[in-house]
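Thanks for coming. I will go through charges, salt bridges and a few backbone angles, in that order.

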Amino acid sequence: MSISKILLYYRFTPIADPKAVMLWQRDLCELLGLRGRILVSEHGINGTVGGDIAACKRYRRKTREYPGFHDMEFKWSEGGAEDFPKLSVKVRDEIVSFGAPGELKVDEDGVIGGGVHLAPEEVNELVDTRGDDVVFFDGRNAMEAQIGRFRDAVVPEVDTTHDFIDEIESGKYDWMKDRPVVTYCTGGVRCEVLSSVMKNRGFSEVYQVDGGIVRYGEKYGNAGLWEGSLYVFDRRMHVEFGEDHKRLGKCVHCEKPTDTFVNCVNEDTCRRQVLICAECFAQPETRHCGRADCAEVAIKALTQ
Ligand SMILES: [Zn+2]
Ligand SMILES: [Zn+2]
């Protein structure tokens with residue numbers, strides 16, 4: 001039996017011909033039988049692919065042959081091609097969509113003017129020396145933070161990465177402009193852009209967790225400043241760093257602890273992923289996100 005794996009990677013570097021890179025990447029993945037999602041822009045590449053371990057290794061070696069990608073880091077994760085519905089390789093204005101492609105500046109070393117990268121142990125050192133002055137700022141969608149976040153983190157009210165710029169410009173977070181702000185996200189890619197967007201708007205001391213929550217959790221498990229589960233964008237839905245993790249997620253209906261997101265029953269107009277415990281999900285009338293119109297849909301489904 002062959003072993004499968006998932007590779008996660010990104011690199012910010014100028015790409016003169018994103019379309020050529022996209023076509024090359026698509027051919028390469030098809031040849032190797034990999035599935036997943038790859039975005040290419042003039043600022044870099046961001047991908048997650050899964051397949052046979054030998055194919056993944058070959059993919060990594062071939063991809064590093066492109067000069068801009070030669071020192072790109074690849075993270076290995078459990079899983080395989082079957083975790084993705086298909087292969088999707090696309091050219092986009094942005095590899096993470098903040099809606100600010102004209103603002104981002106990159107060179108061969110990565111994003112220009114981004115936050116200072118902190119290794120996991122440097123995050124803890126910063127908190128040891130600066131104490132409560134340090135603000136953790138969640139760089140993910142608010143929903144993801146419901147089941148896990150850094151201790152006392154500020155969680156912006158964003159449904160998608162696209163909402164960040166308005167949220168930051170709202171003035172709500174101006175109190176942290178002179179404080180040390182540590183941005184964090186799943187694997188680090190969103191904070192590469194977020195930290196530069198914040199610095200451009202007057203936040204004076206911005207950091208980013210190098211390798212994101214994944215790297216921090218691998219280093220400290222549940223014994224550091226991270227609390228709870230990590231939301232992931234594949235079939236697993238969430239992962240933990242050991243069994244003794246805190247359970248931050250609560251059922252929207254009964255507040256019982258749960259880490260499991262499910263789709264609201266109102267799939268036509270809601271599509272929200274929401275925390276509903278097994279007991280409440282077993283009842284058709286509580287298979288909704290809590291919104292009044294969704295509750296109505298749930299009741300209707302019951303009487304049909
Ligand atoms: Zn419940
Ligand atoms: Zn709903």
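First, what counts as a patch: it is made of residues with over 30% relative accessible area and no salt bridge, with like charges joined within 9 Å and nonpolar side chains (Val, Leu, Ile, Met, Phe, Trp, Tyr) within 5 Å. This is a predicted model, where local features need pLDDT of at least 70, side-chain atom pairs count only at pLDDT 80 or more, and totals for chains, interfaces and linings use all residues. Residues are numbered from 1 along each chain as its sequence is written, chains are lettered from A and ligands numbered from 1 in the order in which they are written, and side-chain values use heavy atoms, with hydrogens and water left out.

On the surface, Arg37, Lys86, Lys90 and Arg92 form a patch of positive charge. Lys and Arg count as positive, Asp and Glu as negative, and His and the chain ends are not counted. Arg37 sits in strand S2, residues 35-41; strands are DSSP runs of E with at least two residues, helices runs of H or I with at least four. Arg37 is partly exposed, because its relative accessibility is 49%; buried means under 20%, exposed over 50%, and partly exposed in between, with a 1.4 Å probe and protein chains only.

Now the salt bridges, meaning a side-chain nitrogen of Lys or Arg within 4 Å of a carboxyl oxygen of Asp or Glu. How many does a search of the whole structure find? There are 18 salt bridges. One of them pairs Glu205 with Arg130, the closest N and O atoms being 2.8 Å apart. That pair links strand S12 (205-209) to helix H3 (120-130), 75 residues apart.

Asp138 and Arg140 also form a salt bridge, again with closest N and O atoms 2.8 Å apart. Are the two partners buried or exposed? Asp138 is buried at 0%, and Arg140 is buried at 0%.

Arg201 meets Glu169 at 2.7 Å, N to O. Arg201 is in the loop between helix H6 (189-200) and S12, and Glu169 is in helix H5, so the bridge ties together parts 32 residues apart in sequence. Glu103, Glu169 and Arg201 are joined into one network by salt bridges that share partners.

Last, the backbone. Most residues other than glycine have a negative phi. Asp152 has a positive phi, near 60 degrees, and lies in the loop between strand S10 (148-150) and helix H5 (164-169). Arg271 also has a phi near 60 degrees; its loop runs between strands S16 (261-263) and S17 (273-275). Asp152 is exposed at 71%, and Arg271 is exposed at 64%.

Key:
Areas by Shrake-Rupley, 256 points an atom, 1.4 Å probe, with all protein chains shown as cover. Charge placed at Lys NZ, Arg CZ, Asp CG, Glu CD.
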